[in-house]
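Dear colleague,

I am passing on the structure below, together with some notes on what I found when going through it. Please read the notes with the structure open beside them.

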Amino acid sequence: MEIDKEKCVGCGNCHAVCTMGVIYLDQDGKSAVNQDECVECRTCYRVLRNEGYRPWFVRAVRRVLRAFNLGYLAEPDVCPTGALSPPALEWPRSVRATFSDPSTVHEGTGVHGRGTDEIKSNDVTGRLREGDVGFVVELGRPGIGARFRDIQKVAMALAGLNVRFEAENPVTQLMSDPKTGRIRDDVLDEKVLSAIIELKTRLEMIPQVLQALEEVQHQVDTVISVGVASRCAADGSVPHEHWVRQAGYRLSPNGKTNLGLGRPLFQE
Amino acid sequence: MTNTLHRQGDVEGLKGDFVVFAHTAKGINKEGSGPKIQEFMRICLRHNPVNIGDAKQGNILQEDIEIERLISRQGDGAAAAAVFTDVGTLQRVIEDLIRADLGICINVSGLLEEVRDCCRKAGIERHSVEHSLGFWGATERLPERHILEIHTMCGHGMVSFNLIRKMIEQVKLRRLSPKKAAKVLAKCCECGAFNPKRAELLLERFRKGLT
């Protein structure tokens, strides 16, 4: 994101809205973006209404108020002068927006958001079948962000278990070698709001996958949200529950349920 | 989109938080799905969701969104979501969606036992289930539990920790009502999965000094 210094009046509203907390007040009293930490999610640009005031007018009003020891309390969701502007991004920086702005469609998967399908269409794709388990390992979430260098560390740790990375997944598509989990060199220093490693393996591999995550989690400087999924048995029971509990982990009381209403229904 | 998987909170809070969303698969049921997704939206609207929208166009809590226009612009594969605050309404939404037989994939995020019971009452068994195994890694970088409870209602992470802190402060100082502050937070969540009613209840607790 870029801030037009000619327009900015230093109100600070964009500082709070910034998902990464990387907009700050510069020495000149105007806001600036730490470009290395910005993930190009465009939240500031989308959320803050442009009030369309002339910068000189806003500054003059403030000076007058200040002279009387008064302040102006702006609405929290406005940019008085429309000073924010999303720049045209070139590769590899463009990968930041692709992974961080949910209104962007991932070219490789055709899916919005973080670009993954997981169980959402499992009723028609049959991606997870009887005996399969799917893991979604999301780095950077909640609210911290992640560099692909850290994402690679986790992918490589999991690749060692001979799991299958989901081909229709944006992170897999950035791997130079999906067998090793290695990610292409030119994006390793790019930072994104979050990115999801998506894999599938057999149910009996659950303890090994969790053990690998247990070890690699201490090697990354970000947080990881982990999800686990499987296709239900005919009676609606969930096969992965037994394996996860046996491995000593707690399952959330809430989660995601595919109702099986998609057509044509996948037949095993 | 694991964006609704990791919603935080105790079971009582989660009882008021169910997200229903439509999804399609390329080459299977995405092509020609536009009118079906529009019908999904209209069914959800009949049950008064507290939020509804899609990832491409935004949600009804944003100023420039008019819901009928949003629906009319939804094309094949639009990622639509609607939020409901009680299991009774969820039950009726599921029953209506089964009756409509749209052929698009329907998912529900929320308390798994409640959703399973809704399915059974409606005469179906759930197809697939996904659990959260929580947060790993550098968890010392995460903020307090109540900040996370609000933040995770937008799974894409568009509601910043700092904005939540600012809204809590504004509510405590009575500069903003919990309802108005919740609406500001909901604006950040593009796809419409944020639950403004639950956020309002949480902010109300801050105003009363209960959290």
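In chain A of this predicted model, residues 24 or more positions apart account for 74% of the contacts with a separation of 6 or more. Chain A has 268 residues, 50% of which are buried, and its secondary structure comprises eight helices and 15 strands. Along the principal axes, the C-alpha atoms of chain A fill a box of roughly 75 × 40 × 35 Å.

The contact between the two chains takes 71 residues from chain A and 72 residues from chain B. On the side of chain A that touches chain B, at least two residues each are supplied by helix 1 (13-17), helix 2 (43-47), helix 5 (122-125), strand 7 (132-139), strand 14 (223-231) and strand 15 (254-258), and the largest share, nine residues, comes from strand 14 of chain A. By residue type, that side of chain A divides into 30 nonpolar, 27 polar and 14 charged residues.

Which strand of chain B is joined to strand 14 of chain A by eight bridges? The partner is strand 6 of chain B (residues 128-137), and the two strands run antiparallel. Within this pairing A:R231 stands opposite B:S128, while the bridge partner of A:A229 is B:E130. Strand 6 of chain B is also joined to strand 15 of chain A, here by four bridges and again in an antiparallel arrangement, with A:T257 opposite B:V129 and A:N258 paired with B:S128. Strand 6 of chain B is mostly covered, nine of its 10 residues being buried.

These pairings belong to an open sheet of 11 strands, paired antiparallel, in the order 9(A)-13(A)-7(A)-14(A)-6(B)-15(A)-5(B)-1(B)-4(B)-2(B)-3(B). At its edges stand strand 9 (164-165) of chain A and strand 3 (58-59) of chain B, each of which has a single partner strand, so one side of each is left without a neighbour in the sheet.

Helix 7 of chain A (residues 206-216) touches strand 7, strand 13 (195-202) and strand 14 of chain A together with strand 6 of chain B, and its direction makes about 10° with that of strand 7 of chain A. Helix 4 of chain B (residues 87-100) touches strand 1 (18-23), strand 4 (80-84) and strand 5 (105-111) of chain B, and its direction makes about 145° with that of strand 4 of chain B.

With best wishes

Definitions and conventions. Residues numbered from 1 in each chain as written. Chains lettered and ligands numbered in written order. Predicted model: local features only at pLDDT ≥ 70, side-chain atom pairs only at ≥ 80, totals over all residues. Buried ≥ 20, exposed ≤ 12 C-beta atoms within 10 Å, placed from the backbone. Contact = placed C-beta atoms within 7 Å. Nonpolar A, V, L, I, M, F, W, Y, C, P; charged D, E, K, R; others polar. Pairing = 2+ DSSP bridges. Axes fitted to C-alpha atoms, helices over the stretch in contact; angles between N-to-C directions.
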